Amino acid sequence: MALLTINHAELAFGLRPLLDCASLAVQDGERIGLIGRNGTGKSSLLGIIAGRGALDDGEIRLQDGLRVVMVEQEPLLPDAESLHASLTARGRLEETSDERERWRTDARLLEYLHRFGLDESRPPQTASGGERKRAALALALALQPGLLLLDEPTNHLDIDGITLLEDLLVKGPLRSAIIITHDRAFLDRVATRIVELDRGLLRSYPGNFAAYEARKADQLAEEERANRRFDKFWAQEEAWIRQGIKARRTRNEGRVRRLEALRVERAARRERIGNVRLGLEAGERSGKLVAELTGVSKGFGGKTLIRDLDLRILRGDRIGLIGPNGAGKSTLIRIILGELAPDAGDVRLGTRQEVAYFDQLREQLDPERSLADTISPGSEWVETADGRKHVISYLGDFLFPAQRAQAKVSMLSGGERNRLLLARLFARPANVLVLDEPTNDLDIESLELLEETLQGYRGTLLLVSHDRAFLDNVVTQTLVAEGGGLWREYVGGYSDWMAQRAPVRPPESAAAAPARSAGRSAAPRTKLSFREQRELEQLPGELERLEQEQSELALRMCGPDYHRQGGDQIRADRERAAEIERLLEEKFERWAELDRRSVQAAGN
């Protein structure tokens, strides 16, 4: 029996149905990538499967005893004194009647929190969007559902977080999932089947996203040919019915009824949603030099984000910034644009720069303003790369109908706000374009169109993105945060960086592995003292012992009788697990710093 069966599902909001006699069966072991245009009803469908809504008609059948867990786009965590307590409340762990199972789930929760780099004692109220998403994912995986529902799980995650989630879904104990995502690389790695929600129907394509693209292109071409044949025949029949008196005398009643049926069928045919029409004008050329950074350093709160960076950006460069959340990507962009002064070093800016900035938090949008006023304040016209356009027509290029032009920004969904911000951004010429996570909430068709537009852009591009395929298709060089404030430049996109970067060494083999080369902008330091040299030699062994203790502790905490250890022992184990995580991080950073200085000293 299938885990989930949907039969003849009907669902509508407003005039257009989201589900129109849609059907789907999900088998055990399938990881389904659910794709479709923004606003087609993907999130609504996931909510109904999770029991948070109901169909207008049709049925959904779940396998008896199937546990379904959903992680929303923006997970809400209950207020509590700690992240662990908040997740315990969200997952209703205290309601579990089987005490042994409750302890097992709690142990798994702590393990996944640590794997996602989270401190379980931190209050959830202070967590960022990315931390809340990782916490909700940790809880969902700890609950070990029979069917996991994920709505845009890669939003707010950095590349390390995305690849970790991929590994957990592909290699972990979880068997079945339905995942809404626009991340094509994620779908290629994780999905075993693609299901597209298209004009109310659920269309299935075996394989990953690359296989879907090949099949979909053929299907759309055949659909277009069939529609042309239908429209030609329909036009012939309409011409016949409108002939003169002689034709009416010989009118075939069966043919008339067939024409009526053709009219009904044509009226019911739902056309594919149009594509956004993007045009980006670079305007006046900037000077050849956009920015030059020499020995630049910057830190906040005792943490060094940028250290001794030398960087030269020329007109026409297309640079992708890669690094984990909190690495300083936005800080570096502000320094490059001259909005933020460095703590040390010099910044030289170019001339004739017209900057357009896409903000990942969409803070540039006033929720109380109308769409039209957001695009063109105080005017009904927009100057575009194709000439002057009325603001209503311009909004239509971004799939906003005329009747919504006076609607408030607060009424828009996340994807619609992204489209509106792109519309506002592209309404003005800019020779320096800064995009900070522009792909969040965009459907795949809009994302691919944005790629094409940026490929033809003649200005300078600075792109912050965790979308690996997008980086590969848009940028020509990457600037990567490599830890400790060090940044290094690579030729090409994400895949090129992966091929060029030094292999990541496990800590236990650090002493025997070749020494890692330092970033090109790091300044030479003095050679290691005798004590520091001894510390460098001993650190790999200390790291190995800590990792061994961490593994043994996690194994013990997952044991079936662990709950019998008593509250004091359990608290002590949790504190020790947190301490080990902190020590590993500190010692690894110390080892990396000493290793780097040792290499520099040897080179001098």
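**A sheet, its covering helix and aromatic pairs**

Student: In this predicted model, which helix lies across S14 and strand S17 (432-436)?
Tutor: The model is a predicted one. The element in question comprises residues 414-426 and runs at about 180° to S14. The helix that lies across S14 and S17 is therefore H13.

Student: Which strands stand at the edges of the sheet?
Tutor: The sheet is open and has 6 strands, with mixed pairing, in the order S14-S17-S18-S12-S19-S20. The residues 355-358 and 487-491 form two strands that each have a single partner strand, so one side of each is left without a neighbour in the sheet. From one strand to the next, the twist averages 15°. The edge strands are S14 and S20.

Student: In which sense do strand S19 and S20 pair, parallel or antiparallel?
Tutor: In general, strands of a sheet pair through backbone hydrogen bonds, and the pairing can take either sense. Strand S19 covers residues 477-481, and Ala481 stands opposite Trp487 in S20. The two strands are joined over 5 bridges, and the sense of their pairing is antiparallel.

Student: Is Leu454 buried or exposed?
Tutor: Leu454 has its place in helix H14, which covers residues 444-455. A residue counts as buried under 20% relative accessible area. Leu454 has a value of 1%, so it is buried.

Student: How are the rings of Phe209 and Tyr212 arranged?
Tutor: A search of the whole structure finds 3 aromatic pairs, and a pair of aromatic rings is described by the distance of the centres and the angle of the planes. Phe209 and Tyr212 are both buried, and both lie in helix H7 (residues 209-241), 3 residues apart, about one turn of the helix. Together with Tyr205, Phe209 and Tyr212 form one aromatic cluster. The ring centres of Phe209 and Tyr212 are 5.4 Å apart with the planes at 40°, so the pair is tilted.

Student: And how are the rings of Tyr494 and Trp497 arranged?
Tutor: Being 3 residues apart in helix H16 (residues 494-500), Tyr494 and Trp497 are separated by about one helical turn. Tyr494 is buried, with a relative accessible area of 10%, and Trp497 is buried, with 9%. Planes over 60 degrees apart count as edge-to-face. The centres of the two rings lie 5.7 Å apart and their planes stand at 65°, so the pair is edge-to-face.

How values were computed: Residues are numbered from 1 along each chain as its sequence is written. This is a predicted model: local features need pLDDT of at least 70, side-chain atom pairs count only at pLDDT 80 or more; totals for chains, interfaces and linings use all residues. Side-chain values use heavy atoms; hydrogens and water are left out. Two strands pair if DSSP finds at least two bridges between them. Helices (H or I, at least four residues) and strands (E, at least two) are DSSP runs, numbered from the N terminus. Axes are lines fitted to C-alpha atoms, for helices over the stretch in contact, and angles run from 0 to 180 degrees between N-to-C directions. Contact means heavy atoms within 4.5 Å. Buried means under 20% relative accessible area, exposed over 50%, partly exposed in between (1.4 Å probe, protein chains only). Rings of Phe, Tyr and Trp (its six-membered ring) pair if their centres lie within 6.5 Å; planes under 30 degrees apart count as stacked, over 60 as edge-to-face and the rest as tilted.
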